Amino acid sequence: MIFINTYNAAPDFRLQEAAADNLCSKFNFLRKSVIGKSLCGRPITALTVGNRSNIALYAAAFHGSEWLNTLFMLRFLEELCVMYSEKSRFDGTNVFTALQKRGLMVIPCVNPDGVEIALNGSESCQKFKSLIDGITSNTETWQANARGVDLNHNFNAGWKALRELEKRSGINSPSATRYGGRSPFSEPETIALRNLCLRAKFRFAAAFHSQGREVYCTYQNTPESSFRLAQMFATLSGYAVSLPEGLAVGGGFKDWVIGYLKTPAITVETGLGKNPLPLSEFEGEYKRIRKALFSCALSF
């Protein structure tokens, strides 16, 4: 199998867009769309293959320093498209036939400004440079969007309780991480994802974060299908199904999908170590999650 994209460079916005365009040029059945724009006007790109009336969602890089997940999504999507075009099999399943029944949308990067900040510093978001510089000089570990709002604390799922917990933890203003914003859905990135989900009615959603090699699937009245999805991913990857704690409870995309949409959803924490995970971890960790990515998309 020959890949048209390489995965030996950090995925800044230029590389992300080039990779998406390259994939769409190679595979004419792959559909590129823009679900919204970031604070700095960068498009949030979605790539879709297969049956659009029965579609699942993989979304990554909610946090800037977790950009390795963008590469996982691009690599997986490229492999998937090669198999779809060749009508080849994955673990006994004909990929073309499966995707005619179950489509998949992939958003490689929900937070393009945050990834730019983590990779290229505050200069990449000039309008917000002074705000970012006032928060930290170590932008490599930046998680928030350009306004210092943590997108995975900005969804309307237990948002008020989470904000109180943030305040008790000393997080009262824009920050590199864990500040939930002035209100739920205050940010264009979370608004874009909310509106997409309300339109698309996904059969399930998976959000990819780093790190811990864990899968989370609970929020309030968790549907049994969320537990099944989490166990499927965990079994195939060797990850553990775990319960989030403290500031990881509420406010997140997975929480909103389960709590508001009543749709199965999981959060996958890829890799082990400290964010940002290095490029040297890419091949090994991708191999670890590859079967889970394919199997959940094709058969759940």
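User: Two strands pair if DSSP finds at least two bridges between them. Over how many bridges do strand 7 and strand 10 pair?
Analyst: The model is predicted: local features need pLDDT of at least 70, side-chain atom pairs count only at pLDDT 80 or more, and totals for chains, interfaces and linings use all residues. Residues are numbered from 1 along each chain as its sequence is written, and side-chain values use heavy atoms, with hydrogens and water left out. Strands (E, at least two residues) and helices (H or I, at least four) are DSSP runs numbered from the N terminus. Ala-207 stands opposite Thr-267 in strand 10, and strand 7 pairs with strand 10 (residues 265-270) in the parallel sense, the number of bridges being 6.

User: Which are the edge strands of the sheet?
Analyst: The sheet is open and has 8 strands in the order 1-2-6-3-7-10-8-9, with mixed pairing. An edge strand here pairs on one side only, and this holds for strand 1 (31-37) and strand 9 (240-241).

User: Which residue of strand 9 is the bridge partner of Val-215?
Analyst: Strand 8 covers residues 214-216 and pairs with strand 9 in the parallel sense over 2 bridges. The bridge partner of Val-215 in strand 9 is Val-241.

User: How many residues of strand 7 are buried?
Analyst: Buried means under 20% relative accessible area, exposed means over 50%, and partly exposed lies in between (1.4 Å probe, protein chains only). In a regular strand the side chains alternate between the two faces of the sheet. In strand 7, Ala-205, Ala-207 and His-209 are buried on one side, and Ala-206, Phe-208 and Ser-210 are buried on the other. Strand 7 (residues 205-210) is therefore largely enclosed by the rest of the structure, the buried count being 6 of the 6 residues.

User: Which residue of strand 7 is the bridge partner of Ala-59?
Analyst: Strand 3 and strand 7 pair in the parallel sense over 4 bridges. In strand 7, the partner of Ala-59 is Ala-207.

User: Which residue of strand 6 is the bridge partner of Tyr-58?
Analyst: Strand 3 is largely enclosed by the rest of the structure, because 6 of its 6 residues are buried. Ile-55, Leu-57 and Ala-59 are buried on one side, and Ala-56, Tyr-58 and Ala-60 on the other. Strand 3 also pairs with strand 6, in the parallel sense over 5 bridges. The partner of Tyr-58 in strand 6 is Val-106.

User: At about what angle does helix 7 run to strand 1?
Analyst: Axes are lines fitted to C-alpha atoms, for helices over the stretch in contact, and angles run from 0 to 180 degrees between N-to-C directions. Contact means heavy atoms within 4.5 Å. Helix 7 (residues 188-200) lies across strand 1, strand 2 (43-49), strand 3 (55-60) and strand 6 (103-107), and its angle to strand 1 is about 130°.

User: How many nonpolar, polar and charged residues make the contact of helix 1 with helix 2?
Analyst: The axes of helix 1 (residues 13-26) and helix 2 (residues 68-86) come within 11 Å and cross at roughly 10°. The two helices are therefore roughly parallel, a term for angles under 35 degrees, while angles over 145 are roughly antiparallel, 65 to 115 roughly perpendicular and the rest oblique. Gln-16, Ala-19 and Leu-23 of helix 1 meet Thr-70, Leu-74, Leu-77 and Glu-78 of helix 2. With Ala, Val, Leu, Ile, Met, Phe, Trp, Tyr, Cys and Pro as nonpolar, Asp, Glu, Lys and Arg as charged, and the others, Gly among them, as polar, the contact has 4 nonpolar, 2 polar and 1 charged residues.

User: How many disulfides are there?
Analyst: A disulfide is a pair of cysteine sulfur atoms within 2.5 Å. The sulfur of Cys-109 is 11 Å from the closest cysteine sulfur, in Cys-125, which is too far for a bond. Cys-296 is in no disulfide either, as the nearest cysteine sulfur, that of Cys-217, is 12 Å away. The count of disulfides is 0.

User: Near what omega is the peptide bond from Ser-210 to Gln-211?
Analyst: Most peptide bonds are trans. Gln-211 is in the loop between strand 7 and strand 8. The bond from Ser-210 to Gln-211 is cis, with omega near 10°.

User: Is Gln-220 buried or exposed?
Analyst: Gln-220 is in the loop between strand 8 and helix 8 (224-237). Gln-220 is not a glycine, yet its phi is positive, at about 50°. Its relative accessible area is 63%, so Gln-220 is exposed.
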